[in-house]
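Please open the model in your viewer and keep the sequence panel beside it. The stops below can be selected one after another, and each comes with a short account of what is there.

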Amino acid sequence: MNFNIRINGIVQGVGFRPFINRLANECGLKGWIRNTNEGAEIEVEGENKDGVDFVWKLMERRPPLAFIGSVRISQGKEQGYKTFEIIKSEEPVGCRTLISPDIGICPDCLAELKDPSDRRYRYPFINCTNCGPRFTIIRDIPYDRKNTTMADFSMCSDCLEEYGDIEDRRYHAQPDCCSICGPELTLIGPDKEPIGGDPIEELKKVLMGGKIAAIKGIGGFHLACTADNEEAVKTLRQRKHRDKKAFALMVRDTETARRYALVSEKEREALESFRKPIVLLKKKERGSYSYLSENNYLGIMLPYTPVHALLLEGIDALVMTSANLSDLPIVYKNEQALKELSGIADYFLLNNREIERRCDDSLQWIIDGREYPVRRSRGYVPYPLNLKIDRNTDGILACGAEQKASFLLTKGKYAFVSQHIGDLKNIETFENYTAQISDFRKLFDIEPSLIACDLHPDYMSSVYAAEEAERSGLKVVKVQHHHAHMASCMADNGLDGICLGIIWDGTGLGTDGNIWGSEFLVGGFGGFTRMASIRNIRLPGGDKAVMEPFRCAISLLEDSGIDSTELFPGESSDSIRAMLAGDINCPRSSGMGRLFDGVSAILGITDIASYEGEGAVLLEATAGDSDGIYPYSVEEGDAMAFDFREMIRCICREKSQGRDISLIAADFMNTLVKMAVEISIKIRKLKGINRVVLSGGTFQNIYMLRRITDALESEGFEVFRHRNVPANDEGICLGQAMIAAYGERLCV
Ligand code: ZN
Ligand code: ZN
Ligand code: FE
């Protein structure tokens, strides 16, 4: 027999060809394998049963980093091959191969790094086919050394030999190098001069002495100090102008992580996986390490480069926070680091391997044993998502939202979702956003034929969409924000058809021109009906209310017929009351985030936020153990509306009676859960829908996520949560793309 096997997927630079070579030998087959534009092509000859066996084993045992999108097998005429060989790659034509994400250091390389007899002993750029930088070093495709930032280094004879040896773990490992031929570290001191000696050992000394360092990583720089030194962490906060928002830690290993936080089996797996995300872990002791994180969780990751592994040999844990100032993109070039971080870092650990594009650390919860992403970036991007929809999805550019911006480009049934970009209101971030879109178009060879963006015309992503449409003459599909959230969660779960979406977040423009945010939508990719929301909250001062939750509190109190002067005396509060009384600059919003903010301020948890959503984060962190529920009502009408006024009155009464606010906070959230279930049941009666998708930033509140899921499931609903993209606005682009495809195109 003769089998020709064409594989579409990420099979290059992941040790696939040596694997196939070994497998063919094992099965007693002859033939060849070569890389193609889509992945790889294999031809094998031998006994029929061995060929079938080969295909089974190929799928079963494929290397961990290989991503196989599709396999096409055809039978041909026997050629009489005498051997099995790896042959020269097809020349690139149009269609291009997929690119691997950056992979954390593998156990084999880690062992060599620590083995005094190995020729790469303590070499800080050790890597192999199974690990190392990929996405962040690629300049052009195909993925060959000459098209990466490693092109600046030519391999020594030892490295070349490994590179060419099919039996070697470094066979065709494009970033392969050693201390003879590869990149080097330089430690720069406070006087901007290089420091002699071993850069790693010298840096360890100054970190242990309480200094702050900027460390070049895979997709950008980190700012680091030892995590156990509270003074150093406080200095870093001051210099970075980051008062309270939690810092991520890098700890030596999982055992060390257990010193700080609880680590379940699934969380351990996530920490140790080759993607090496930051995993949000519950603190071992409530209230501990409050200088690192003011809530009940610590974001922890393990060393993912050899530099990290060496640094953490003598240090338990480092604060490792993205090196950027407030909302600017992460710093990723040497010169830029020395200039822009000079007021923050005392020392700079640089190296001469260029980072081609920025990529921040990824952030994951592990909920019920499964990843629940908060930020999908390094280690995940640019793995494509598979779109399961009966429409032509090719060539869509979905521009995302604004504050947690991301975009995606589609090619056939693949969606390439961008890395974390940040807040587009910042001009540098916006420039990075447009640069990344051009970058993705080139890397994946995609010429967009349709554009999708948010309905809000003032989002910078919508402005970009309009300009791009003007330039290209392409059509723009404007997608309502919460509809996009809903479609995103559906696509994330491979759902089609009609669902109920409970979409709770901060803000998003509604189809009626008002600000929405606590939505019960019924529909699918083709459209939706707004079935219910919450009573509008007036926001005195508009957007100012987002960072000043006490404004929401006064608004809620006044709306509920409670004199707010008792809880919020003083002139600034008086002026808010005057705005409300005169209805001056008080836009209406049904944002769940604002209800959380308001209640948080009423409870005295957060009057003024140091980052958006702090009120909600701290309210969740405060919540204790209680199963109480406050009274409330649901107004019937065109769309139902949750009326919270009775609840607000009860909360105030209990607070003035001195009830523990941790119990009030819990009962507030319990009430929202009860309301969600009650309204869902009403909608089920009306529409007969049993599938519920949960999306929107509020569902980063794990208390709410768990309780709503459990309560809906116990009422017989089928509940779906995000798996691959975040519930927050970073996941929006996926929904936009699906809705645009559905509304505009039939399958061809
Ligand atoms: Zn390795
Ligand atoms: Zn070498
Ligand atoms: Fe949103």
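Begin by selecting K57 and D53, whose side chains meet in a salt bridge with an N to O distance of 3.1 Å, a salt bridge being a side-chain nitrogen of Lys or Arg within 4 Å of a carboxyl oxygen of Asp or Glu. Both residues lie in helix α2 (residues 48–61), four residues apart, which is about one turn of the helix; helices here are DSSP runs of H or I with at least four residues, strands are E runs of at least two, and both are numbered from the N terminus. D53 counts as partly exposed because its relative accessibility is 30%, where buried means under 20% relative accessible area, exposed over 50% and partly exposed in between, computed with a 1.4 Å probe on protein chains only.

Before moving on, note that this is a predicted model, in which local features need pLDDT of at least 70 and side-chain atom pairs count only at pLDDT 80 or more, while totals for chains, interfaces and linings use all residues. Residues are numbered from 1 along each chain as its sequence is written, chains are lettered from A and ligands numbered from 1 in the order in which they are written, and side-chain values use heavy atoms, with hydrogens and water left out.

**Charged pairs**

By the salt-bridge rule the count comes to 57. Select E112 and R169 next, where the side chains form a salt bridge at 3.0 Å, N to O. E112 lies in helix α3 and R169 in the loop between α4 (157–164) and β6, so the pair ties together parts that are 57 residues apart in sequence. E112 is buried, with a relative accessible area of 15%.

R120 counts as buried at 1% relative accessibility, and D176 is buried with a relative accessible area of 0%.

**The zinc ions**

Which residues hold the donors of the zinc ion (ligand 1)? They are C106, C109, C128 and C131, each through SG, lying 2.3 Å from the ion; donors are N, O and S atoms within 2.8 Å of the metal (3.2 Å for Na, K and Ca), and water is not among the atoms, so sites may look incomplete. The four donor atoms subtend angles of 104 to 122°, which makes the arrangement tetrahedral, a label given to four donors if all angles lie between 85 and 135 degrees. In sequence these donor residues are spaced C-x2-C-x18-C-x2-C. C128 is buried, with a relative accessible area of 0%, and C131 is buried with a value of 0%.

Move to the zinc ion (ligand 2), where the protein donors are the SG atoms of C156, C159, C178 and C181, lying 2.3 Å from it. Here the angles run from 103 to 118°, which makes the arrangement tetrahedral, and the donors follow the spacing C-x2-C-x18-C-x2-C along the chain. Both C156 and C159 are buried.

**A buried aspartate**

Select D102, in the loop between β5 (84–86) and α3 (107–113). D102 is buried yet has no salt bridge, the nearest side chain of opposite charge being R378, 6.5 Å away; Lys and Arg count as positive and Asp and Glu as negative, whereas His and the chain ends are not counted. The D102 side chain reaches the backbone nitrogen of F135 at 3.1 Å and makes a polar contact with the side chain of T136 at 3.0 Å. A polar contact is a pair of N or O atoms within 3.5 Å; within protein, one must be able to donate a hydrogen and the other to accept it, and residues adjacent in sequence count only if both atoms are side-chain atoms.

**Backbone stops**

Finish with K192, which has a positive phi of about 70° although it is not a glycine, and which sits in the loop between β6 (185–188) and α5 (199–208). Then select V381 and P382, which are joined by a cis peptide bond with omega about 5°. Most residues other than glycine have a negative phi, and most peptide bonds are trans.

Note on methods:
Four donors count as tetrahedral if all angles lie between 85 and 135 degrees; four count as square planar and six as octahedral if opposite donors are over 155 degrees apart and all others between 65 and 115; anything else is irregular.
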